[in-house]
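Please look over the sequence and the 3D structure below.

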Amino acid sequence: MFVDKEIITLKSGDGGDGMTSFIRYKGVARGGPDGGDGGDGGSIYFVGDRHKTSLIDFHFKHKYVAENGGRGEPNNRYGKTGENLYISLPLGTLVRDYESGNIICDIYYDGQKHLVLEGGKGGKGNVKFCTSRRHTPHFSQTGEKIEARKVILELKTIADVGLVGFPNVGKSTLLSKISAAKPKIADYHFTTLSPNLGVVKYYDDSFVCADIPGIIEGAADGAGLGLEFLRHIERTRMLIHVVDISGIEGRDPYEDYKKINKELKSYSKVLSELPQIVVLNKCDIYGAEENVKTFKKKLRGKRKVFCVSAINGEGLEEVIKETFSVLKDLPKPEPIPHEEFKYEKASSTEFEIYFDEEDGVYVVDGPIVKMLARNVVINDMDSLAYMQKTLKDYGVIDALRKRGVHDGDTVVIGDIEFDFID
């Protein structure tokens with residue numbers, strides 16, 4: 001099975017909780033707090049792997065989770081850092097954010113490594129909350145929790161040359177003759193169900209050629225297999241358009257040629273403007289000679305035309321020579337240009353205030369709520385005092401006053417509810 005598009009869910013590791021601990025053993029007077037920090041959660045990376053040719057692995061497994069960070073320990077010991085998760089992808093895989101469609105990365109080179117989702121930060125142990133006034137904090141910080149993200153994996157074959165044309169025109173046979181590729185070949189439509197790659201050598205040089213299956217009339221609108229595989233010629237530098245000049249299937253060769261070019265243009269203007277040479281295949285069949293004359297007359301010299309018989313190799317040397325001639329003047333292939341999209345962590349100090357008319361309370365919402373939830377222990381006076389100072393330092397108290405909060409009004413912050421006292 002060839003799979004070239006999948007949607008998967010990623011979740012990097014949560015940070016480990018900080019430890020609330022105190023030194024309590026003989027010989028240590030007034031030992032005080034010694035709770036260590038939690039470990040950071042593992043991050044998720046995508047890595048390019050030239051040995052992979054399909055996204056088949058992601059067809060059966062759709063969720064990937066990195067290891068969480070370990071909890072802090074007594075004696076100021078840090079928790080274990082979560083193991084990073086490295087996910088191997090075939091070269092040519094474009095990774096997009098599921099919600100926005102923005103490109104996260106283009107895995108183009110072997111060994112290329114890209115950080116997709118960073119792990120959560122470990123929580124601080126109670127020793128980190130000691131101050132000149134707070135000598136024995138009985139609270140610590142929980143680890144940062146990370147939200148799961150969906151991404152789209154889309155494989156776009158990396159090849160210098162794309163073979164295009166109607167099914168059963170001889171693309172696979174041509175590829176097998178000019179390279180060492182061994183594609184499945186049979187005398188019926190849609191024999192080829194996945195792109196086949198072959199390396200074509202010419203003296204000391206070479207290029208990669210891809211046989212792109214399933215392009216028929218209406219392919220750009222989803223007919224046949226075309227829409228599934230048109231993406232695989234987006235990276236090619238030039239096209240070899242293979243036409244069955246024999247007409248044995250009852251179709252007009254020149255009309256076939258026009259229809260395929262129309263589909264390319266409908267799918268992408270860039271594809272339609274790629275350098276293209278025309279290979280008239282099956283010239284050894286009776287009646288092909290007259291069809292060649294008619295075809296060339298209608299084409300009127302717009303493109304170079306080569307007459308071949310792929311099954312016995314006639315004329316293929318000239319095709320290879322011309323292909324190298326065209327490629328040497330074209331720019332080298334590169335990853336798709338894009339503005340890199342990153343999953344940014346929201347500032348932990350941002351907040352908004354609104355009045356809930358139904359309950360008659362003022363609500364503080366935003367990332368600061370999550371930050372406080374990690375630090376505040378409701379039944380601990382030191383922890384509540386820390387929350388009050390944090391609200392004051394980050395401007396929440398002033399913002400509540402400006403919003404019209406008066407003494408005795410109820411304020412809700414996450415799961416904490418209190419009466420405002422100015």
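## The second largest cavity

About 30 Å³ of space lies in the second largest cavity. A cavity is a set of points, on a 1 Å grid over the protein atoms alone, where a 1.4 Å probe fits but cannot get out; lining residues have an atom within 4 Å of a point. Grid points are joined across faces, edges and corners, and the volume is the space filled by probe spheres set on the points. This is a predicted model: local features need pLDDT of at least 70, side-chain atom pairs count only at pLDDT 80 or more, and totals for chains, interfaces and linings use all residues. Residues are numbered from 1 along each chain as its sequence is written, and side-chain values use heavy atoms, with hydrogens and water left out.

The lining includes Gly-165, Phe-166, Val-169 and His-241. Val-242, Val-243, Asp-244, Asp-256, Tyr-257 and Ile-260 also line this second largest cavity. Helices (H or I, at least four residues) and strands (E, at least two) are DSSP runs, numbered from the N terminus. β12 supplies the largest share, four residues. By class, the lining has six nonpolar, two polar and two charged residues. Here Ala, Val, Leu, Ile, Met, Phe, Trp, Tyr, Cys and Pro count as nonpolar, Asp, Glu, Lys and Arg as charged, and the others, Gly among them, as polar.

## The largest cavity

The structure holds two cavities of 30 Å³ or more. The largest has a volume of about 40 Å³. Its lining is made by Asp-244, Gly-247, Glu-249, Arg-251, Pro-253 and Asp-256. Four of these lining residues are charged, one is polar and one is nonpolar.

## Two packed helices

How are α4 and α6 (residues 288-299) packed? Their axes lie 9 Å apart, at an angle of about 45°. Axes are lines fitted to C-alpha atoms, for helices over the stretch in contact, and angles run from 0 to 180 degrees between N-to-C directions.

Pro-253, Tyr-254 and Tyr-257 of α4 make the contact with Phe-295, Lys-298 and Leu-299 of α6. Contact means heavy atoms within 4.5 Å. Five of the contact residues are nonpolar, one is charged and none is polar.

## A ring pair between the helices

The structure holds 12 aromatic pairs. Rings of Phe, Tyr and Trp (its six-membered ring) pair if their centres lie within 6.5 Å. Tyr-254 and Phe-295 form one that is edge-to-face, 5.5 Å centre to centre with 75° between the planes. Planes over 60 degrees apart count as edge-to-face, under 30 as stacked and the rest as tilted. Tyr-254 in helix α4 and Phe-295 in helix α6 are 41 residues apart, so the pair links distant parts of the chain.

How values were computed:
1 Å grid on protein atoms, 1.4 Å probe; cavity = no way out; pocket = protein on both sides within 12 Å on 5 of 7 lines; lining within 4 Å.
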